[in-house]
Amino acid sequence: MVENSNKGFFGYKAVVGAFLVMFVNLGVCTTLGVFLASLAEYSEWDLGTVGYIGTVNTIGNIVLSIVAVKSLEKLGVRKTMLISIICCAAHMCFYCMVQPGRTTMSLIFMYIAGFLASFSITFGTHAACSTVIAKWFIEKREHLTGIVFSGAGFGAAIWVFLAGQLFKVTDYKGCYRVIIILTLVIGLAAIFLLVKEPEKLGQKPLGWEKAEKASGDSVEAAELPGIEKASAMKTPSFWLLAAALLCVCSAGSTFMAYSPAWWQQNGWSATAASNWDALYLLLSGFVLLFVGKILSKVKVSVFVIGVCVAYAVAAIVSSMMNGSPVAMMMILIVLFGALAYPLSASIPGLMGQSIFGAKDAAAISATLMTAVYLGQALYNPIVARFLASPGGFPAAWRFFAGAALLGMVLILAAIAMSPMNKKQAK
């Protein structure tokens, strides 16, 4: 017999567990930008070649995103999260195996590390955490999704700040070894102690009583309005949103991956660049923490315009750096970059429910993550092309500013053609 979910309700503890898993997996994997310059210097490979770690990672994300959805169905969310934490620790071990001397084996180790990080991202971040929330909550899904996704920003901020402090006393390998231990302790504790399913605890998701009263039927038949994944994939909105993700996610990923290295090229030390990056990620975490409330109070279109324009400002200011550190420019870059942080990967989880409804939100979000990973796969080849051109990185920043604005137009079109709008109009 299923107990009343209001008594000893475990759902909020499960949200904390999902937050910590996101905190570890995406937080740790996001720190690559801080380590790129150190990996290039230590291995003696150029930055562009080492940067292809990101390309390998995103190719892995594309391939594994399909596997991850099926794994969630067959293995359950706890086992997939367990795989993600183990691979997160393992990928840092491979970075520690790199040797100086521009050897091919070192490059292979770095690319293997990038691929292992794909397991962390696809098996233990947006899709898995959205599934945890969907299982426990009919009400408050958007708000709690924003809170859990903020774990990526807060996690990266703390890991990057920690790395910056460790750089003062050790090399990049020492930094990774400390982070490996913390990854296993925090990640495994969250999975085994907090990530649980309501069915196994004899509970129901929050809001099931209201859903049953509204429909006069079981909660399974009346969770929330919306369309199923198969129907969503046949709508123009789905494909417009997918195309938009190619634009905005390639732009957002470029900012996260290359900004610290770009700042170092413009005169900031490794520790200073880490501190600026930590501030950017900390602010980004607060943006995601409150994004659910923001979306409940403003039109989705206003939110989209805000984050895309913020990215364009950050990218344009970045293109204006002239080789010397200027604090005021960094403040603008960090502030507007943080406001644009949802563009890096969070858009499907944040936008999907508004466009397609909550009925199959987790599955639709997981499917759209393939477009996110495709967008992330594009950024490094594009950056490498610009680095080989006379325009260099300043031209790349201007290009991605335009990509973000194009993505904004496509998302607005997807919202205008939303099947939920059509349903409400009937």
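This section describes helices, aromatic pairs, cysteines, a surface patch and selected loop residues in a predicted model.

Helix α9 comprises 22 residues, from residue 172 to residue 193. Several positions of α9 are buried, among them Tyr-172, Lys-173, Gly-174, Cys-175 and Tyr-176. Further along α9, the buried residues include Ile-179, Ile-180, Thr-183, Gly-187, Ala-190 and Ile-191.

A search of the whole structure finds 27 aromatic pairs. One of these is formed by Phe-115 and Phe-119, whose rings are edge-to-face, with 5.8 Å from centre to centre and 85° between the planes. Both residues of this pair, Phe-115 and Phe-119, belong to helix α6, which covers residues 104-124. Their positions are 4 residues apart, about one turn of the helix. An α-helix has 3.6 residues a turn, so residues three or four places apart point the same way. Phe-115 is partly exposed, its relative accessible area being 35%.

Tyr-258 is part of helix α12 (residues 236-265), whereas Tyr-379 is part of helix α17 (residues 361-387), so the pair ties together parts that are 121 residues apart in sequence. Tyr-258 and Tyr-379 are both buried. These two tyrosines also take part in a cluster linked by ring pairs, in which the other members are Phe-255, Trp-262, Tyr-280, Tyr-311, Tyr-341, Phe-393 and Trp-397.

A disulfide is a covalent bond between the sulfur atoms of two cysteines. A search of the whole structure finds 0 disulfides. Cys-87 is in no disulfide, and the nearest cysteine sulfur, which belongs to Cys-88, is 8.9 Å away. Cys-87 is buried, with a relative accessible area of 12%. Cys-249 likewise is in no disulfide; the sulfur of Cys-247, the nearest from a cysteine, is 9.4 Å away. For Cys-249 the relative accessible area is 0%, and the residue is therefore buried.

On the surface, a nonpolar patch is formed by Leu-279, Leu-282, Leu-283, Phe-286, Phe-290, Ile-294, Val-298, Val-302, Leu-335 and Leu-339. Together these residues have about 770 Å² of accessible area. Helices α13 (270-297) and α15 (327-339) each supply at least two residues of the patch. The largest share, 6 residues, comes from α13. Phe-290 lies in helix α13 and is partly exposed, with a relative accessible area of 42%. Leu-283 also lies in helix α13, and its relative accessibility of 31% places this leucine among the partly exposed residues. Between Leu-283 and Phe-336 there are 9.8 Å in space, C-alpha to C-alpha, although the two residues are 53 residues apart in sequence.

Most residues other than glycine have a negative phi, and most peptide bonds are trans. In Glu-44, by contrast, phi is positive, near 70°, and this residue is not a glycine. Glu-44 is located in the loop between α2 (32-43) and α3 (47-50). With a relative accessible area of 46%, Glu-44 is partly exposed. Arg-102 likewise has a positive phi, of about 55°, without being a glycine. Arg-102 occupies the loop between α5 (77-95) and α6. The relative accessible area of Arg-102 is 43%, and this residue is therefore partly exposed.

Lys-299 is found in the loop between α13 and α14 (300-319). Its relative accessibility of 65% means that Lys-299 counts as exposed. Lys-299 and Ser-354 are 9.9 Å apart in space, C-alpha to C-alpha, and 55 residues apart in sequence.

Definitions and conventions:
Residues numbered from 1 in each chain as written. Predicted model: local features only at pLDDT ≥ 70, side-chain atom pairs only at ≥ 80, totals over all residues. Heavy atoms only, no water. Expected span 1.5 Å × (residues − 1). Buried < 20%, exposed > 50% of the residue type's maximum accessible area, 1.4 Å probe, protein only. Disulfide = S-S within 2.5 Å. Patch = residues over 30% accessible without salt bridge, like charges linked within 9 Å, V, L, I, M, F, W, Y side chains within 5 Å. Areas by Shrake-Rupley, 256 points an atom, 1.4 Å probe, with all protein chains shown as cover. Salt bridge = Lys/Arg side-chain N within 4 Å of Asp/Glu carboxyl O. Phe/Tyr/Trp six-rings, centres within 6.5 Å; stacked < 30°, edge-to-face > 60°.
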